[in-house]
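Dear colleague,

I am passing on to you the structure below, with its sequence, so that you can follow it alongside my notes. Please have it open while you read what was found in it.

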Amino acid sequence: MPQSEPAHHQPFNDPAHWDRMVATYEAQSQPFTMHYAEAALKTLDIGPSSKVLDVATGTGAAALAAARTGAKVTAIDFSAGMVQRVRAHGISNIDAQQMDGQALDLPDAAFDAVLSVFGVMLFPDWRAGLREMARVTRPGGAAAIAVWNSADGGGVHMLVSRIVRTLYPDRLGPPPAAGLAQLADPARFAAAVVDAGFAPPVITEVTRDFGLDVADFNGVERLFPFISHWNALDDEQRAAVARAFWSEIERGRVGDIFPIPSTAMIATARRP
């Protein structure tokens, strides 16, 4: 059983942690997040003449989808490892840069469209992240922002959190991110987008199965330290949660895949 970060530490706020997770994230999460990235892009009018920014690109799901339209894409992430992985694709119309999404080193009104797919919601200062997205969007341009409709997130995070809530309700950790919890409510989500400088958004829901590859045992368990409720447990409790997790997997797996239905909200809004 892997040892987790201390309970007070949120590993997704540490770029070095993401650097170590590049291969696991690309294998387990990108095939899943790509569905939401493509859904977000469908709400935007972009093409070969468009300049697009992907904020908190990760291994590049949204950037790669945007690049396929012919758009000129700038993809930013605070993790050097993630940025290097996006660059490794060698796609000429993607410029991947290491950058803090809370303070973009980019000019005002520079982009026709700006995306954040499960990124800004995790920022320590997620309001600054949304404001920065608005600042760099040209007047008349648009943003598409994807967040989970649950403060527990989606996929493995949601499943493990549910098990912890059942077994140890008195040991629930803090919400994994203030922005994730705040933006999981559609009314608050819409208000936050407007407060950042956009027009009132259109919010749509998208549900997909997270197809967890349970053949990669170590890869699955490497995801656990990202879950705040897991980090609030002691070793004995973690072992019990892991047993319950794998028991549920065995009951519901289809071959090497265990489906976890997960719902996101996508807000699309114009910049006045």
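**Notes on the sheet, its helices and the interior**

T74 stands opposite D95 in β3, and this pair belongs to the contact between strand β2 (residues 72-77) and β3, which run parallel and are joined by five bridges. Two strands are taken to pair if DSSP finds at least two bridges between them, while helices (H or I, at least four residues) and strands (E, at least two) are DSSP runs numbered from the N terminus.

Before going further, please note that this is a predicted model, in which local features need pLDDT of at least 70 and side-chain atom pairs count only at pLDDT 80 or more, whereas totals for chains, interfaces and linings use all residues. Residues are numbered from 1 along each chain as its sequence is written, and side-chain values use heavy atoms, with hydrogens and water left out.

The sheet is an open one of seven strands with mixed pairing, and its order is β3-β2-β1-β4-β5-β7-β6. At its edges stand β3 (94-98) and β6 (202-213), each of which has a single partner strand, so one side of each is left without a neighbour in the sheet. From one strand to the next the twist averages 20 degrees, where axes are lines fitted to C-alpha atoms, for helices over the stretch in contact, and angles run from 0 to 180 degrees between N-to-C directions.

Helix α3 (residues 30-42) packs on this sheet, where it touches β4 (111-117), β5 (137-148), β6 and β7 (257-270), and its direction makes about 160 degrees with that of β6; contact here means heavy atoms within 4.5 Å. Helix α12 (residues 235-252) lies across β6 and β7, and runs at about 95 degrees to β7.

Strand β7 pairs in the antiparallel sense with β5 over seven bridges, one of the bridge partners being M265 in β7 for V147. With β6, β7 pairs in the antiparallel sense over twelve bridges, and L212 stands opposite F258 in β7. Ten of the 14 residues of β7 are buried, so this strand is largely enclosed by the rest of the structure; buried means under 20% relative accessible area, exposed over 50%, and partly exposed in between (1.4 Å probe, protein chains only).

The largest nonpolar core has 98 residues, of which V156 and F245 touch the most other members. Such a core is a set of buried Ala, Val, Leu, Ile, Met, Phe, Trp, Tyr and Cys residues joined through side-chain atoms within 4.5 Å. Leaving aside neighbours within four places in sequence, V156 is in contact with F210, L212, L223, F224, I227, F245 and I260.

S161, placed in helix α7 (residues 155-167), is buried with a relative accessible area of 3%. Again leaving aside neighbours within four places in sequence, S161 is in contact with D152, I227 and H229.

Two residues deserve a look for their backbone. Most residues other than glycine have a negative phi. A56, in the loop between β1 (51-55) and α4, has a positive phi of about 60 degrees although it is not a glycine. F118, in the loop between β4 and α6 (126-136), likewise has a positive phi, near 60 degrees, and F118 is buried, with a relative accessible area of 9%.

With kind regards
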